[in-house]
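User: Please walk me through this structure. I would like to learn how to read each feature as we go.

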Amino acid sequence: MLKVYDDLFTPDFIMETSKAAHELPWRYTNVANRNQFPANSIFTKGSHKFFGSTLYDQGSRYNVYNQTPTLFLDVLNHLCDYIIKEEVIMHTINTNLQVYGQDGTAHRDDFVGNNKDRTILFYCHHEWKEEWGGALEILNDDGEVTESVLPMPGRVVYLDSSVLHRARAPLVKNVARMSIAYRMQIK
């Protein structure tokens, strides 16, 4: 399951989310496909590292949900109430930032594995050009790309968290591909 939504937010709201994203505590400690404990160590190994931060983690006693910019909570509430229309249990809210040369590797976001895990990606940058690349690629089990979705400003991607996917880096230097990833379980 993959759904793409455009034109849900006004240009001024997207600009505000872009400003809020630029003020987040970005760290070069996000690790995809982690394979060591503890997950929050700067030395944790996985398939690749990129910039990001955790805004909320249901399983952590170091919950920083109260530090999540209100705009990003507004986005989540709007999407849950009016677009996906499902009751959810929030698992994590993470930020992702990739620059030139930081292609992501194929992975799945599912965390419980009961076919109720969902991911919402919200692209919070205010500008994007097609030639900048940075597509979200959906892959089949053989690793072949079946769909490609550009990270257009304000675009929302809603997917089953078990879908194999990867995020491509921008093709140009000094451009940041930013997203807020809401990972949840539907009730």
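Analyst: We will take confidence, fold, strands, salt bridges and cysteines in turn. This is a predicted model, in which local features need pLDDT of at least 70 and side-chain atom pairs count only at pLDDT 80 or more, while totals for chains, interfaces and linings use all residues. Residues are numbered from 1 along each chain as its sequence is written, and side-chain values use heavy atoms, with hydrogens and water left out.

User: What is the mean pLDDT of the protein?

Analyst: pLDDT is the predictor's confidence in each residue, from 0 to 100. The protein has a mean of 85, and 83% of its residues reach 70 or more.

User: Where is confidence lowest, and where is it highest?

Analyst: Strand β2 (residues 27-32) has the lowest confidence, with a mean of 64. The highest is in β7, at 97. Where pLDDT is low, the predicted coordinates should not be read in detail.

User: How many helices and strands does the protein have?

Analyst: Both are DSSP runs, numbered from the N terminus: helices are H or I with at least four residues, strands are E with at least two. Here there are two helices and 10 strands. Along the sequence the pattern reads β-α-β-β-α-β-β-β-β-β-β-β.

User: What share of the residues count as buried?

Analyst: Buried means under 20% relative accessible area, exposed means over 50%, and partly exposed is in between (1.4 Å probe, protein chains only). By that scale, 47% of the 187 residues are buried. Contacts give a second view; a contact means heavy atoms within 4.5 Å. Among contacts between residues at least 6 apart in sequence, 78% join residues at least 24 apart.

User: How many residues of β10 are buried?

Analyst: In β10 (177-186), 10 of 10 residues are buried. In a regular strand the side chains alternate between the two faces of the sheet. Both faces of β10 are covered. One side holds Arg177, Ser179, Ala181, Arg183 and Gln185, and the other holds Met178, Ile180, Tyr182, Met184 and Ile186, all of them buried.

User: How many bridges join β10 to strand β4, and how many to strand β5?

Analyst: Two strands pair if DSSP finds at least two bridges between them. Strand β4 (residues 88-98) is joined to β10 by 10 bridges, running antiparallel. Ile89 stands opposite Gln185 there. Strand β5 (residues 117-123) is also antiparallel to β10, through seven bridges. Leu121 has Ala181 of β10 as its bridge partner.

User: What is the order of the open sheet of three strands?

Analyst: The order is β7-β6-β9, with antiparallel pairing. β7 and β9 are the edge strands, each pairing on one side only. Neighbouring strands of this sheet are turned by 20° against each other on average, direction ignored. For such angles, axes are lines fitted to C-alpha atoms (for helices, over the stretch in contact), and angles run from 0 to 180 degrees between N-to-C directions. Three bridges join β6 to β9, and Ile138 has His165 in β9 as its bridge partner.

User: How many salt bridges does a search of the whole structure find?

Analyst: A salt bridge is a side-chain nitrogen of Lys or Arg within 4 Å of a carboxyl oxygen of Asp or Glu. The search finds eight. One of them pairs Asp6 with Arg155, with the closest N and O atoms 2.7 Å apart. Asp6 sits in the loop between β1 (2-5) and α1 (11-22) and Arg155 in the loop between β7 (145-149) and β8 (156-160), so the pair ties together parts 149 residues apart in sequence.

User: Are these two residues, Asp6 and Arg155, buried or partly exposed?

Analyst: Asp6 is partly exposed, at 35% relative accessibility. Arg155 is buried, at 13%.

User: Which side chains does Glu137 meet in salt bridges?

Analyst: Glu137 meets Arg166 at 2.6 Å, N to O. That pair links strand β6 (residues 136-139) with strand β9 (residues 165-167), 29 residues apart. Glu137 also meets Arg168, at 3.2 Å. Arg168 lies in the loop between β9 and β10, so this pair ties together parts that are 31 residues apart in sequence. Glu137 is buried at 11% and Arg166 at 17%, whereas Arg168 is partly exposed at 28%. Shared partners join Asp103, Glu137, Arg166 and Arg168 into one network of salt bridges.

User: What is the count of disulfides?

Analyst: A disulfide is a pair of cysteine sulfur atoms within 2.5 Å. The count here is zero. Cys80 is buried, with a relative accessible area of 11%, and Cys124 is buried at 0%.
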